[in-house]
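Colleague: I am new to this structure and would like to understand the terms used for it. May I put some questions to you?

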Amino acid sequence: SPGSATHGSIAGLCAPIDLTQSVDPNTIVGNSVACFNQADNCTVDNAFARSFNLGVGPTAGQSHYVRCVEYGVDDALGANPVTIALYQDTNGGPPNNANLVLLASITDVIPGGTQLALRTVDFTAMNVVVPANAFLVVAVDSPDLCGTVGYNNHYWNGYNNLGETAPSYWKSAQCGRADYLSLADIGQPNQHMVLTVGLKST
């Protein structure tokens, strides 16, 4: 892969612009939500996302490289893969599958037993450019881990309940949610996805 994933802090890797919608982007609390198969004790397909309007604030008026993404892990039982995907949202507002254009993605294999941790995925070598004033959607996609050979059986994304400046989003086709909904819309208003994206102007 032209990118890489490491466990650690975003500090120093994603300068000069680190964007987050988390009031506290460094703390993960064990209060995660996911589509879960109780009979088999495993998580099925889940995608967790945030949407950033690059037309406001320090990013307005310029195109940007995505340098890295830091995301939180609540609990990963085994060495399970998640895909960090970058999309341009051509419509803005809550993410909708029909309006998402994939810019790049990296699969991060999380070490077994990882809990309440931050992981950093480095996109620098990929030279991913987001157009000026675009909406950037960053998603953490976990596959169906039920009965998949070589995988262990759950991935719980990292959240806290310490506040956010914009909604956290989730979808799962196997739970009947093929397109993104905010966590508040599914009755989980205190689930705040821990995620930071690092940008550099072109």
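Colleague: Which residue is the bridge partner of A47 in strand 14?

Modeller: The partner of A47 there is K171. Please note that this is a predicted model, in which local features need pLDDT of at least 70 and side-chain atom pairs count only at pLDDT 80 or more, while totals for chains, interfaces and linings use all residues. Residues are numbered from 1 along each chain as its sequence is written, and side-chain values use heavy atoms, without hydrogens and water.

Colleague: What makes strand 5 and strand 14 a pair?

Modeller: Strands are DSSP runs of E, at least two residues long, numbered from the N terminus. Two strands pair if DSSP finds at least two bridges between them. Strand 5 (residues 46-53) and strand 14 (residues 169-172) have three bridges, in the antiparallel sense, so they meet the definition.

Colleague: Why are strand 8 and strand 15 called edge strands?

Modeller: The open sheet has six strands in the order 8-7-11-5-14-15, with antiparallel pairing. Strand 8 (100-110) and strand 15 (177-182) each pair on one side only.

Colleague: Why is T90 called exposed?

Modeller: Exposed means over 50% relative accessible area, buried under 20%, and partly exposed in between (1.4 Å probe, protein chains only). T90 has 54% relative accessibility and therefore counts as exposed. T90 lies in the loop between strand 7 (80-89) and strand 8.

Colleague: Which residues does T90 contact, leaving aside neighbours within four places in sequence?

Modeller: They are N99 and V101, where contact means heavy atoms within 4.5 Å.

Key:
Helix = DSSP H or I, 4+ residues; strand = E, 2+ residues; numbered from the N terminus.
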